[in-house]
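Dear colleague,

Please find the structure below, together with a short account of what was found in it.

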Amino acid sequence: MDFTKYKCPVCEKQFIESDDTVVCPRCGAPYHRECYKVKNKCIFPELHKSGKSWIELNTPDEPEEPAPVEVETDVIICRHCGHKNPLSNNVCERCGDLLDKPKTKVPPFFSENFYDDDSNNFDEKPNFLNIDSFDPENILENAFGVKDDEDFDGVSGKELKNFVGRKRYYYIPIFNSIKKSNISRFNFANFFFFELWYFYRKQYFKGFISLILVSLPMLTQRIFEFFYSDSFKQQFKDFNEMNGYYTVDKLWEWLSVNATPLETALVIIPDILLVVVFIIKVYFAISANKGYYRFAKKKIKIIKNSDPEADEKDVSDRIKEAGGVNFPAAFCVLMCEMIFYVALVML
């Protein structure tokens, strides 16, 4: 019998497995052998008279099992914003963050008793994918967390998917988040490629504005150089050659000694424009997804209203043609920028 959960009634020390124990044959009280030799008898004669068992009277109470905690099993809680999402979603409906999907049960052919189960048919191949029930649209719908018939201010989820084309797994959840909670994300592609991103996404008007903005500091600098005096040009050239890297304080100190107020302004303004353009780029990157969302809805509505009697397939094809990406346009703009900058340097 296991006595490790009891204490010796003589020394009151907990029994361990290696202890040499003896038991009273009448009441069952356990003792260390050495402790029993000290007393030389059982110390519970009253139990002997009443016929009661020491073991039954001293058995410790079993701890009560904690009450089961009720857990919602039909939703996935987003770890980013705490929103409750259906189990079918892979991304959060509110913020677009990736959801932690619950672990699925292990298939029976990986279970421990698979090889001991006579009911398994080894001649049949397991059907990992049922081709007959394979539906790409359902897979996309679950991945985006947006249904095809979901309304986005008069535009359906399917129409938005068709318009975005590439990278719709990135933009559609963001559009859904913007619609429900006005929360977007910083668009790094817009920040690093700026004007090229707008031409790539067929937002040509914003692309031209962005192109002018990024070209303005260097173009202004080259124009202002025509207003420098010949002596100042040579001094400024020597200063740049002697100081490949210089701080604003050092440049300002040099200008205060060698340049007129007009020449100082002409040197400083292009640098100020560079800082302004950088701030504008950060703002554009923050608002790029919202702007693209508004652009997509506007284009889709124009297509739908231009011919209300057109069939669904024709409208869908026109939406795909109006949306998507334009890589040749972005590439041509990049080549033109390179030629433009080379020409400015050679002036």
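**Aromatic pairs and other features**

A search of the whole structure, which is a predicted model, finds 34 aromatic pairs. Rings of Phe, Tyr and Trp (its six-membered ring) pair if their centres lie within 6.5 Å; planes under 30 degrees apart count as stacked, over 60 as edge-to-face and the rest as tilted.

One of the pairs joins Tyr6 and Trp54: the ring centres are 5.8 Å apart and the planes stand at 55 degrees, so this pair is tilted. Tyr6 lies in the segment before strand E1 (21-23) and Trp54 in helix H3 (residues 54-58), so the pair ties together parts that are 48 residues apart in sequence. Helices (H or I, at least four residues) and strands (E, at least two) are DSSP runs, numbered from the N terminus. Tyr6 and Trp54 are both buried; buried means under 20% relative accessible area, exposed over 50% and partly exposed in between (1.4 Å probe, protein chains only).

Lys202 is also of interest. Its phi is near 65 degrees, a positive value in a residue other than glycine, whereas most residues other than glycine have a negative phi. Lys202 sits in the loop between helix H8 (195-200) and helix H9 (204-224), and its relative accessible area of 17% makes Lys202 buried.

Residues are numbered from 1 along each chain as its sequence is written, and side-chain values use heavy atoms, with hydrogens and water left out. Because the model is predicted, local features need pLDDT of at least 70 and side-chain atom pairs count only at pLDDT 80 or more, while totals for chains, interfaces and linings use all residues.

Yours sincerely
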